[in-house]
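My notes follow in the order I looked things up.

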Amino acid sequence: MTEAYLDHAATTPMTPAALAAYARAAELAGNAASVHRAGQRAREVLEEGRSLLAASIGARPLEVTLNAGGTEGDNHVVLGLSALRSSGHIITTQIEHSAVLAPARTLAARGFEVTFLAPDAQGRITGAQLRDALRPDTFLVSIHHVNNEIGVVQDVAALAKVAHEAGALFHTDAVQSLGVLPVDVQAWNVDFATFSAHKWGGPKGVGLLYVRRGLELPPLLLGGGQEQGLRAGTHNVAGVYAAGVAAQDAASAQPQTHAHLRRLRALLEAGLRSLPDVTLNHLAGGSPKIVSVTAHGADGEALLMNLDLEGVYASAGSACSAGTMQPSHVLTALGLEEAAARASVRFSLGRFTTELEVDHAVRGYARALQRSRPFA
Ligand code: PLP
């Protein structure tokens with residue numbers, strides 16, 4: 001059966017170079033924390049991976065805290081900073097990933113004050129809006145770079161500047177950025193940034209948190225004192241090394257990838273627009289990786305199942321809410337009715353996606369749609 005995997009924002013396959021790097025490094029027996037030579041050999045490979053990761057995001061190796069991915073990085077910043085105080089205010093947005101929203105709600109339940117900024121019709125958060133929400137007791141602003149459902153890109157450099165002017169720290173979830181858009185934490189001048197390797201061709205369950213040098217952040221996991229005491233646990237040497245190899249490759253190919261994704265997105269958009277009662281939700285200036293489409297009158301769950309039968313793999317809203325089929329909080333924040341949000345599918349393209357796959361997806365979607373509109 002012909003298949004089209006168009007779910008690269010959920011996860012993208014490991015690149016052959018990353019797989020080979022993983023296999024090589026996984027042969028090392030040592031624990032990177034051990035002082036004997038076997039441990040030191042593992043340590044060297046780990047540090048090589050860290051350096052590649054740091055260079056790919058514009059950071060210094062010492063500013064990279066290795067961890068298990070985006071969910072951990074987001075939780076670490078929000079919960080970690082709040083552990084330094086007993087009260088205060090944080091600002092985030094209604095359209096963040098649940099890895100930020102859930103800890104932010106936990107803080108609210110513990111008595112912290114939390115503002116969830118609403119995006120404008122274009123999905124954007126403006127500097128003026130952030131300025132209005134900042135207070136003397138605001139200690140953290142957390143706003144993502146690229147939205148995983150509609151692809152909107154926030155001007156994190158400008159937003160970080162506004163936060164800093166008011167004395168607040170700035171965190172960005174940049175999980176969907178590397179390899180698609182330029183990433184430079186120094187140029188952005190952010191204090192914390194979250195990354196996850198399985199979005200750029202590295203392994204799942206490996207990520208990093210950028211922590212600007214000199215900033216205090218309590219650990220989320222206590223134990224062996226690895227990662228300068230910021231993140232305990234035996235290092236995943238092979239995972240980190242493979243993540244670094246893939247990051248370097250993704251970052252250097254970023255301009256070509258961006259151009260390729262733009263071409264494919266235009267093809268996909270043209271195919272989808274030719275279908276009846278279908279509207280596109282993603283934003284023109286946003287990440288070219290994301291295409292969000294609503295088929296009015298369709299049953300979203302049936303649509304995804306029928307797409308699967310066609311060999312077309314996509315997500316309903318975000319992958320994390322797909323299991324429960326809740327209407328996407330991002331689409332409803334943009335003003336979509338619940339029924340329309342439920343009838344929405346996110347296609348996401350990858351660096352190695354082909355025109356054939358896009359063509360197959362459009363045809364499969366058209367057939368799936370015919371079977372998923374109960375009254376059509
Ligand atoms: N943040 C965003 C924007 C994401 O898209 C995701 C994954 O879908 C995450 C965080 C969670 O990352 P991870 O899967 O590495 O835990």
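I began with the ligand and found a polar side-chain atom of Asp173 2.6 Å from one of its nitrogen atoms. That falls within the cut-off I use for a polar contact, a pair of N or O atoms within 3.5 Å (within protein, one must be able to donate a hydrogen and the other to accept it, and residues adjacent in sequence count only if both atoms are side-chain atoms). Before going on, I noted that this is a predicted model, where local features need pLDDT of at least 70, side-chain atom pairs count only at pLDDT 80 or more, and totals for chains, interfaces and linings use all residues. Residues are numbered from 1 along each chain as its sequence is written, and side-chain values use heavy atoms, with hydrogens and water left out.

A polar side-chain atom of Ser196 is 2.6 Å from an oxygen atom of the ligand. For Lys199, I got 2.7 Å between a side-chain N or O atom and a ligand oxygen. I then checked how much of the ligand is covered: taken alone it exposes 390 Å², and the protein buries 87% of that. Those areas come from the Shrake-Rupley method with a 1.4 Å probe; for residues, only the protein chains shown count as cover.

Which residues are around the ligand? I listed Gly69, Gly70, Thr71, Asp74, His97, Asn148, Asp173, Val175, Gln176, Ser196, His198 and Lys199, taking a residue as near if one of its heavy atoms lies within 4 Å. Sorted by class, this shell has one nonpolar, eight polar and three charged residues. My classes: Ala, Val, Leu, Ile, Met, Phe, Trp, Tyr, Cys and Pro are nonpolar, Asp, Glu, Lys and Arg are charged, and the others, Gly among them, are polar. Helix 3 (residues 70–82) gives the largest share of the shell, three residues. Helices (H or I, at least four residues) and strands (E, at least two) are DSSP runs, numbered from the N terminus.

**Ser315**

I went to Ser315 next, in the loop between strand 11 (312–313) and helix 11 (319–322). Is Ser315 buried or exposed? It counts as buried because its relative accessibility is 4%; my limits are under 20% relative accessible area for buried, over 50% for exposed, and partly exposed in between (1.4 Å probe, protein chains only). Its side chain makes a polar contact of 2.8 Å with the side chain of Asp7. Leaving out residues up to four places away in sequence, Ser315 touches Asp7, Ala10, Leu304, Ser344, Val345 and Arg346, where contact means heavy atoms within 4.5 Å.

**Helix 10**

Leu304 sent me to helix 10 (residues 300–309), where the buried residues are Gly300, Ala302, Leu303, Leu304, Asn306 and Leu307. I found these packing against strand 10 (290–295), strand 11, helix 13 (338–342), strand 12 (344–348) and helix 14 (355–372). Just after helix 10, Gly311 has a positive phi of about 80°.

**Salt bridges**

How many salt bridges does the structure hold? I count 16, each a side-chain nitrogen of Lys or Arg within 4 Å of a carboxyl oxygen of Asp or Glu.

- Glu47 and Arg43 pair up at 2.8 Å, N to O. They sit about one helical turn apart because they are four residues apart in helix 2 (residues 37–57).
- Glu47 is partly exposed at 25%, and so is Arg43, at 31%.
- Arg43, Glu47, Arg50 and Glu227 are linked in a salt-bridge network.
- Glu63 bridges to Arg60, with the closest N and O atoms 3.0 Å apart. Glu63 is buried at 2% relative accessibility, whereas Arg60 is partly exposed at 35%.
- Arg135 and Asp137 meet at 2.9 Å, N to O.

**Positive phi away from glycine**

Last, I looked at backbone angles. Asn189 has a positive phi near 60° and is not a glycine. I placed Asn189 in the loop between helix 7 (185–188) and strand 7 (192–196), partly exposed at 35%.

Gln228, also a residue other than glycine, has a positive phi near 55°. It lies in the loop between strand 8 (207–211) and helix 8 (237–252). Gln228 counts as exposed, with 59% relative accessibility.
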